[in-house]
Amino acid sequence: MDITIQSLWNHKEDTKPQPKNGELLSNTKIGLEVEIENMYNPAHVPGWKLTGDGSLRNDGVEYVFSGPIGGSAACKRIDSLHKYLEQVPHKEFSARTSLHVHLDVRDLSWDQVISLVILYAMVEPYLFSICGQEREEGIYSLSLYRGKNQIDSLFNLIQDGPSSLNERHFSKYAALNLLSLKSFGSLEFRGHKGSGNKDEIINWVNHLLSLKMFVLNPSKSLHDLPKILSTDGHVAMLRYIFNDKLIVKNIKNANRVRKKIYDGVCIGEDLLFATNFREARSEIFETYQGQTQLEKLKDNLCVD
């Protein structure tokens, strides 16, 4: 059995029974952080911790899940915050605010996490269309498909493995923060604009849960996505990844970024090539025991 993220960084084992899904597509545990400004006398909300945030102004605060939880219990917390904020007249979700989601991946292997990251890269333009297009330009949510340095770092991570995951090569201020793997056993998604609206949050979380569900589904493959995109179009590809109901609900966003989705898939294909090369390289070493033999067989791999 492959080593899991939990074992890799000695995270605490999740032994608590999970509630039913509720409005979420799975009961995978999540953590939420909701940033808000103009909160002059913020109240305590059950299931949330209230903290300050130096990046916010005008009595800005951050509501954070009091602990990771999934399914209907997470929905209950989201609903409680939504109802409270409806009663706050001057709250503001300015361009400085954002919604962060931690997705529990302690049960995934390293290769499954890499697959999830590649899948995210392929659909990042679509996901940003849901997050709020202004977030693509933000310095606190750097996108993959607009940043060459991040792509280069991902190539190295795929080649070198988890030991290369460090602050020198990766930033916590990326739209997909990989450093949280080491700290919490989660992937942190920082791309969404600030929001306390229950429907918006559930919609976003369900997209992220779908990414994990995809890599856990043995009947689905990343290698199918470029072909589906080229033969059947972007909507068919998104339907293959996400719940049909999600795509119907967000179809206008998907159509608006159709051309960008092709850019994302191209990046994903490049990352898939790096993954395939790593697997082939490992097999050659096992078979031929050495760098000399590897060099001799590079032509067969069609790589430089």
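**Spaces and a buried serine**

Mentor: In this predicted model, the residues that line the largest pocket divide into ten nonpolar, 14 polar and 17 charged.

Trainee: What is the volume of the largest pocket, and which residues are closest to its centre?
Mentor: The volume of the largest pocket is about 940 Å³, and, of the 41 residues that line this pocket, Gly31, Glu33, His102, Phe184 and Ser186 are the closest to its centre. Among the elements that give two or more residues to that lining are strand E1 (30-36) and helix H5 (180-184).

Trainee: How many cavities of 30 Å³ or more does the structure hold?
Mentor: The structure holds one such cavity, and the volume of the largest cavity is about 40 Å³. This space is called a cavity because a 1.4 Å probe fits there but cannot get out.

Trainee: Which helix gives the most to the lining of the largest cavity?
Mentor: Helix H3 (residues 110-131) does, with five residues, and the lining as a whole includes Tyr120, Phe128 and Trp204. By class, that lining has six nonpolar, one polar and one charged residues.

Trainee: Why does Ser164 count as buried?
Mentor: Buried means under 20% relative accessible area, and Ser164 has 12% relative accessibility, so Ser164 counts as buried. Ser164 lies in the loop between helix H4 (148-160) and strand E5 (176-177), and, leaving aside neighbours within four places in sequence, Ser164 is in contact with Asn156, Leu157, His169 and Phe170.

Methods
Residues numbered from 1 in each chain as written. Predicted model: local features only at pLDDT ≥ 70, side-chain atom pairs only at ≥ 80, totals over all residues. Heavy atoms only, no water. 1 Å grid on protein atoms, 1.4 Å probe; cavity = no way out; pocket = protein on both sides within 12 Å on 5 of 7 lines; lining within 4 Å. Points joined across faces, edges and corners; volume = space filled by probe spheres on them. Helix = DSSP H or I, 4+ residues; strand = E, 2+ residues; numbered from the N terminus. Nonpolar A, V, L, I, M, F, W, Y, C, P; charged D, E, K, R; others polar. Buried < 20%, exposed > 50% of the residue type's maximum accessible area, 1.4 Å probe, protein only. Contact = heavy atoms within 4.5 Å.
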